[in-house]
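Reader: I have a model open and want to read its contacts. Can you take me through them?

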Amino acid sequence: HDGMTPEEKRELLLRYVKEGRPFFESDGSNMRHLDFSGANLSGVDLSRTVLDGANLIGANLEGVLLSGARLDGALLADANMRRANCWAATFFDGTLDGADVTDADFQMAQVEGASMAGVVGTPESVDEMRFDLETVERSGWTAEFVAELCRRGAQPVGLNEFPEAVRRAVLGEGAGLTLTFDARLHRFDATAFDALIAEVLGPD
């Protein structure tokens, strides 16, 4: 699609979209590596469409409906995804570097293996968004950033494979344990509680 204007790319895309059905070529295979870079797709309903490997670099996807869409391996670097509805969409091994995700909905989206380095803005929701160690490494996320995602409801896949610093930030390990009692404990009571805690949680 080289040489086409953003509006022409939009019209081409809309011709293939039929009430959310996947993209197909004449032989029935999925249309991979579609070049819609820079296309103006704002507000378009792409729900449940298959855009595996599509080139959407710098595309205007503001307010686009991508719920349930499949964008595995898609290139979305520097795309405008403000207020995009990405509910339950998949971005396996995709590239979203520098995309503007301000107020986008990534609830239940799957971004395992994706790169989201330098994304701009904050999504409205990341509840149940699934990511893995490769996502963290490719995106350059810090332990604190990962912990904040998890506090907002995102779900790390294979957390036991994450670096210790990330696991501690997510799980709050090392924060200590504080017990509050309504009455003052006698020395014997305090000793008994110390022994119980050490038995259950370990001496450290």
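**Salt bridges and a helix pair**

Author: Start with Arg83, which is partly exposed at a relative accessible area of 45%. Buried means under 20% relative accessible area, exposed over 50%, and partly exposed in between (1.4 Å probe, protein chains only). This is a predicted model: local features need pLDDT of at least 70, side-chain atom pairs count only at pLDDT 80 or more, and totals for chains, interfaces and linings use all residues. Residues are numbered from 1 along each chain as its sequence is written, and side-chain values use heavy atoms, with hydrogens and water left out.

Reader: Which residue meets Arg83 in a salt bridge?

Author: A salt bridge is a side-chain nitrogen of Lys or Arg within 4 Å of a carboxyl oxygen of Asp or Glu. Here the partner is Glu62, at 2.0 Å, N to O. Both residues lie in the loop between H1 and S1, 21 residues apart. Helices (H or I, at least four residues) and strands (E, at least two) are DSSP runs, numbered from the N terminus. Glu62 is partly exposed, at 24% relative accessibility.

Reader: How many salt bridges does the count come to?

Author: Six by this rule. Among them, Arg70 pairs with Asp52 at 2.5 Å, N to O. This pair also links distant parts of the chain, 18 residues apart. Arg70 is partly exposed at 32%. Asp52 is buried at 5%.

Reader: Is Glu112 buried or exposed?

Author: Glu112 counts as buried because its relative accessible area is 10%. It sits in the loop between helix H1 (6-16) and strand S1 (130-131). Glu112 forms a salt bridge with Arg130, with the closest N and O atoms 3.4 Å apart. Arg130 is in strand S1, 18 residues from Glu112. Arg130 is partly exposed, at 32%.

Reader: What else is Glu112 in contact with, leaving aside its neighbours within four places in sequence?

Author: Contact means heavy atoms within 4.5 Å. The list for Glu112 includes Phe91, Phe92, Asp93, Phe131 and Val157.

Reader: Now the helices. At what angle do the axes of H3 and H4 cross?

Author: Axes are lines fitted to C-alpha atoms, for helices over the stretch in contact, and angles run from 0 to 180 degrees between N-to-C directions. Helix H3 (residues 143-151) and helix H4 (residues 164-171) cross at roughly 35 degrees, and their axes come within 8 Å.

Reader: Which residues meet there?

Author: Ala143, Val146, Ala147 and Cys150 in H3 meet Ala165, Val166, Ala169 and Val170 in H4.
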